[in-house]
Amino acid sequence: MIQRQHQGTASREAGDAGVRPGPSSRLVPLPEAITVGHLAELVHASPIDLMKQLMRAGVMAAINQSIDFKTAAAIIPAFGYRAVEATSPSKATKEKDTEEEDLSQLQVRPPVVTILGHVDHGKTTLLDAIRKTKVAERETGGITQHIGAYQTEYKGHKITFLDTPGHEAFTAMRARGANATDIAVLVVAADDGIMPQTVEAINHARAAKVPIVVAVNKIDKPEADPDRVKRQLAGQGLLIEEWGGDVIAVPVSAKAQTGIDDLLENLLVVAEVADLKANPNRPARGVVVEAKLDKSRGPVASALVKTGTLNVGDYLVVGNVSGRVKALVSDAGRRMRSAPPSTPVEILGLNGLPLAGDVLQAVSSEREAKAIAEERLRKQEGTRRSVSLEEVVGRIRTGESKELSVVIKADVQGSLEAIRDTLVRLGTEKAQVRIVHAASGAITETDIFLAVASQAVILGFNTSMEPGARRLAESEGVEIRFYNIIYTMVEEIQGMLEGLVKPVARDVVEGHAAVRAVITRGRQSKVAGCMVSDGRILRNASVRVLRSGRVLYDGPVQSLRRFQEDVREVAAGMECGIVLAKFDEFQEGDILEVHRQEQPSGR
């Protein structure tokens, strides 16, 4: 647009500034973004002349400000140049990374295994049993080495274990495009059976599309019932081998250290079938498991090398930070000169702190590392990793996609089952609903990560949302829809599957207040005496009454008072009295969530 409107004028006015285009425009390769000063150097012009030209094109930019490719391409013909798109360092690196490996260089690499399961089912104890050492005994020189990943050896074969703090970390890696795991071990206690977090773990492993090996733990306990566990697994779609399925289930006791050899043997079998290979003779690529700021060592990244070999002295770009490898430390606390594929390692020498799940890549020079990191930093603002609902619906409409992925959270199990059954029946030849995860309770950060990784929409029925999850959803651009009537949800999902969905108002939370006292006013009405914990309470907004994560009521504020005076709003840290239109069954400890509907703009 700028080019069409201003190119002719730009050429004439450049002449006025003493710049004459040559008989034929010279080509100049330009990146996606470039500073005014750098562009002036490339076209051999004064930065002042270039800034004037930008002003004539309606763009105000200082010498150190960046302008995009289109803007630069629109103004440089006035200086006798024509723009062509340059291959950016990140694009060049991406092309190098995606090109086919030299098959003759591929070598068998150790499998990377993540242990998942319900809390207290023995994940940490199992890891300790596998490593045949306790956490306290792993100290080197009095310092515990915890780098989030460990390597053990069994019958001459190495196996790498990722010790993730939870399912959200496992899925956060996938959400950032770094699926580091080859095999997931699902730990299920033989006395407890499948629990809510076990189901969550199964859904996360399925979303990652990795083979699952089940470790039926605590078989030494008198109340252990492995057959019940196997039946429950079948109910979750995991049919074990002895029942004609393809899922390996190994009975173990992490505490008594029995069955550990069988588990390791089976992991090696699964790895052999998967034919895991990598090229150790190329620049390293890997993924950050966790990162921390050490007072004496600076930024320290715990990483897993996926392919190539990482060496001391290599230049690195990790997410949007860069650096040069000053030191590599193994999980046993020993200094290393190099780290081959599937090796967990601590890296010193980065100029900043990366995020868990960030991709690590070795590059040829410090300049290239900095250029890639800076470009990613520029693009990070406003970048969204998830896919909007409109994009999903658009794909269904055009036939590009045939499924709508959803994460469902409901108030109680009964509601959940009714919703799940109804949505599954909505499928047509054109599109079907794929339920990535369904559980009762509030929407958590884990749900957000799972939605990002699976490009899913979150459906909340009579449930609330944890504050951390709300912030994460906003930063990741995850679509969340709340309902309190099942048929309204069904109607909207039907519209999504048919590609007819309309934009809906966005739910904006204004603030929260905790009920400190319940005051009876007259015979029937009750007032909630509240303290505003965050945000603000507005008289014209709606309020959700939350109790133990469940939504009891959602409706308008009838009265908002401070010291017997009617007020329009109450800010955080202040006390107030709230009366709702059709609800007065308050209890101390209830949370009142004030929200409003924001209509979509420009549609």
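Predicted model: local features only at pLDDT ≥ 70, side-chain atom pairs only at ≥ 80, totals over all residues.
Good morning. I begin with a term: a residue counts as exposed when its relative accessible area is over 50%, and as buried when that area is under 20%.

In one of them, the side chains of glutamate 242 and lysine 230 meet at 3.3 Å, N to O. Glutamate 242 belongs to the loop between α9 and β13, and lysine 230 to helix α9, so the bridge ties together parts 12 residues apart in sequence. Glutamate 242, at 57% relative accessibility, is exposed, whereas lysine 230, at 13%, is buried.

Next, strand β30. Arginine 544 forms a salt bridge with aspartate 554 at 3.6 Å, N to O. Aspartate 554 lies in strand β31 and arginine 544 in strand β30, so parts 10 residues apart in sequence are tied together. Arginine 544 is buried at 5%, while aspartate 554 is partly exposed at 32%. Both residues also take part in a network of salt bridges with Arg470 and Glu593.

Arginine 547 pairs with aspartate 590 at 2.8 Å, N to O. This pair links distant parts of the chain, 43 residues apart: strand β30 and the loop between β34 and β35. Aspartate 590 is buried, at 1%; arginine 547 is partly exposed, at 22%.

Finally, the helices. How do α13 and α16 pack? Their axes are 11 Å apart, at an angle of about 30°, which makes the two roughly parallel. Their crossing is right-handed. The contact includes Ile419 and Leu423 in α13, and Met489 and Ile493 in α16. Its residues divide into seven nonpolar, one polar and no charged. Thank you.

How values were computed: Residues numbered from 1 in each chain as written. Heavy atoms only, no water. Axes fitted to C-alpha atoms, helices over the stretch in contact; angles between N-to-C directions. Helix = DSSP H or I, 4+ residues; strand = E, 2+ residues; numbered from the N terminus. Parallel < 35°, antiparallel > 145°, perpendicular 65-115°, else oblique. Left-handed = near helix turned anticlockwise from the far one by under 90°. Contact = heavy atoms within 4.5 Å. Nonpolar A, V, L, I, M, F, W, Y, C, P; charged D, E, K, R; others polar. Salt bridge = Lys/Arg side-chain N within 4 Å of Asp/Glu carboxyl O. Buried < 20%, exposed > 50% of the residue type's maximum accessible area, 1.4 Å probe, protein only.
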